[in-house]
Amino acid sequence: MRRDLEDLIRIESVWADPARRDEVHRSAKSVADLLSQAGFDDVRIVSEGGAPAVIAQYPAPPGAPTVLLYAHHDVQPEGDPSQWASPPFEPTQRDGRLYGRGSADDKAGIATHLAAFRAHGGRPPVGVTVFVEGEEESGSPSLGRLLAAHRDALAADVIVIADSDNWSTDVPALTVSLRGMADCVVEVATLDHGLHSGLWGGVVPDALSVLVRLLASLHDDDGNVAVPGLHESIAADVDYSPERVRADSGLLDGVAEIGSGSVPQRLWAKPAITVIGIDTTSIAAASNTLIPRARAKISIRVAPGGDAVDHLDAVEAHLHRRTPWGAHVRVERGDVGQPYAIAASGPVYDAARAAFRQAWGTDPIDMGMGGSIPFIAEFAEAFPKAKILVTGVEDPATQAHSINESLHLGVLERAAIAEALLLANLA
């Protein structure tokens with residue numbers, strides 16, 4: 001399992017980078033080869049206008065259910081390699097952790113599925129379908145077409161999505177709620193050309209000042225979202241101490257948390273709005289000029305029970321309503337992904353909790369996820385009768401999407417054992 005994972009990490013499968021699309025195809029081929037070698041007779045690489053995905057099938061014995069095991073083989077761009085402590089695509093072990101882009105998110109999910117299948121000698125007591133997607137980190141734009149085109153092959157009684165977090169390296173978790181997401185780009189214009197700031201400053205508004213005031217209106221003085229009409233749900237009652245927030249997030253000394261309510265409530269069950277990018281004149285290129293146009297990209301997180309499109313409507317209306325000085329504002333809508341909540345009760349979830357308990361030596365925590373996995377709603381819509389389990393091999397120190405992404409090797413081992421036990425329990 002470890003060797004296979006390291007080989008996959010070395011493949012720079014960044015679908016978002018057109019120059020590395022061939023690497024994504026190479027990654028799909030490697031995943032297909034591993035699944036064939038593990039004992040799957042029916043292994044296919046498929047594509048519906050997007051990145052290559054892999055589907056492998058082992059038919060269910062008579063009377064047994066079929067379990068769909070999901071992961072993705074594409075990864076986030078690595079950013080500046082000089083910021084990494086070791087090369088991002090060269091797996092490196094330090095202090096019980098394996099470092100490398102995709103080590104946890106989500107090539108470890110592939111390794112977990114392979115290990116669980118191999119643990120049964122390639123002949124598990126249930127049907128197993130493995131579905132490894134190739135563009136999850138780009139928003140899964142062709143997933144709906146894949147689910148429609150290969151519905152019969154992907155149909156299952158239980159869907160295990162190995163792309164989430166654990167409470168800690170010692171305590172596993174079942175993810176039972178995920179926030180949705182939406183994004184937009186707001187463009188502010190005040191002039192048809194730049195003006196000398198000495199001749200016109202104090203009379204004519206510049207676009208960047210308007211944009212700054214507009215973005216500031218998205219939150220109140222305590223950091224709560226100030227856009228009316230956004231949905232709030234109720235989070236699980238678990239302890240998340242200020243010390244853990246500071247340790248897990250890397251919050252600098254003296255910097256306070258924002259918002260009101262418990263940490264789980266703010267993180268899992270309330271909306272959030274973040275400015276994730278600004279286009280304007282760089283400091284290096286700055287002159288004494290009133291800037292005529294400026295843009296910002298806004299990311300919105302949607303609490304379970306809310307609707308991502310409605311939230312985008314509310315944010316757009318707020319931006320137009322709060323624009324100062326009559327500036328011209330245009331909002332360009334981007335991606336939308338719906339939130340999802342799971343009623344995690346019944347025999348399938350009992351089987352999962354028993355498997356976690358045996359593999360980890362402790363009961364799993366039911367936790368929410370502040371981040372989004374929008375495709376879960378697509379799976380639920382495509383297969384409404386299937387029970388969905390959201391698991392994973394990440395932990396609070398993983399730093400998925402960031403520099404120095406890593407996988408705790410003990411978590412990987414326990415996750416693989418738990419999944420193997422789950423397949424047995426579901427029989």
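**Entry 1: the second largest cavity**

I am working on a predicted model. I started with the lining of the second largest cavity and sorted its residues by class: 8 are nonpolar, 1 is polar and none is charged. The volume of this cavity is about 40 Å³. I then listed the lining by name: L174, T175, V176, I342, A344, Y349, I388, L389 and V390.

**Entry 2: the largest cavity**

How many cavities of 30 Å³ or more does the structure hold? I found 2. The largest has a volume of about 150 Å³. I noted 16 lining residues for the largest cavity, and F356, T391, A415, A418 and E419 are the closest to its centre. By class, I have 11 nonpolar residues, 4 polar and 1 charged in this lining. Which elements supply at least two residues each? I wrote down β7 (158-162), α11 (347-360), β17 (387-391) and α13.

**Entry 3: helix α13**

I went on to α13, since the lining had brought it up. Helix α13 covers residues 409-426, which is 18 residues. I read a span of 26 Å from its first C-alpha to its last. That is close to the 26 Å expected at 1.5 Å a residue. Is α13 largely enclosed or largely open to the outside? I count 13 of its 18 residues as buried, so the rest of the structure largely encloses this helix.

**Entry 4: salt bridges, R118 and D4**

I turned to charged pairs next. The salt bridge count comes to 21. I picked out R118 and D4, whose side chains form a salt bridge at 2.8 Å, N to O. Which parts does this pair tie together? R118 sits in helix α3 (residues 107-119) and D4 in helix α1 (residues 2-9), so the bridge ties parts that are 114 residues apart in sequence. I checked accessibility on both sides. R118 has 31% relative accessibility, so I log it as partly exposed. D4 has a relative accessible area of 13%, so I log it as buried.

**Entry 5: R20 and E78**

R20 and E78 make a salt bridge, with 3.0 Å between the closest N and O atoms. I placed R20 in the loop between α1 and α2 (21-38). I placed E78 in the loop between β3 (66-72) and β4 (92-94). The two are 58 residues apart, so I log this as a link between distant parts of the chain. Are these two residues buried or exposed? R20 is buried, with a relative accessible area of 13%. E78 also counts as buried, at 13% relative accessibility.

**Entry 6: R295 and D279**

I looked up one more pair. R295 and D279 form a salt bridge, and their closest N and O atoms are 2.8 Å apart. I found R295 in strand β13 (residues 293-302) and D279 in strand β11 (residues 272-279), 16 residues apart. R295 has 28% relative accessibility and counts as partly exposed. D279 is at 44% relative accessibility and counts as partly exposed.

Methods: Residues numbered from 1 in each chain as written. Predicted model: local features only at pLDDT ≥ 70, side-chain atom pairs only at ≥ 80, totals over all residues. Heavy atoms only, no water. Helix = DSSP H or I, 4+ residues; strand = E, 2+ residues; numbered from the N terminus. Expected span 1.5 Å × (residues − 1). Buried < 20%, exposed > 50% of the residue type's maximum accessible area, 1.4 Å probe, protein only. Salt bridge = Lys/Arg side-chain N within 4 Å of Asp/Glu carboxyl O. 1 Å grid on protein atoms, 1.4 Å probe; cavity = no way out; pocket = protein on both sides within 12 Å on 5 of 7 lines; lining within 4 Å. Points joined across faces, edges and corners; volume = space filled by probe spheres on them. Nonpolar A, V, L, I, M, F, W, Y, C, P; charged D, E, K, R; others polar.
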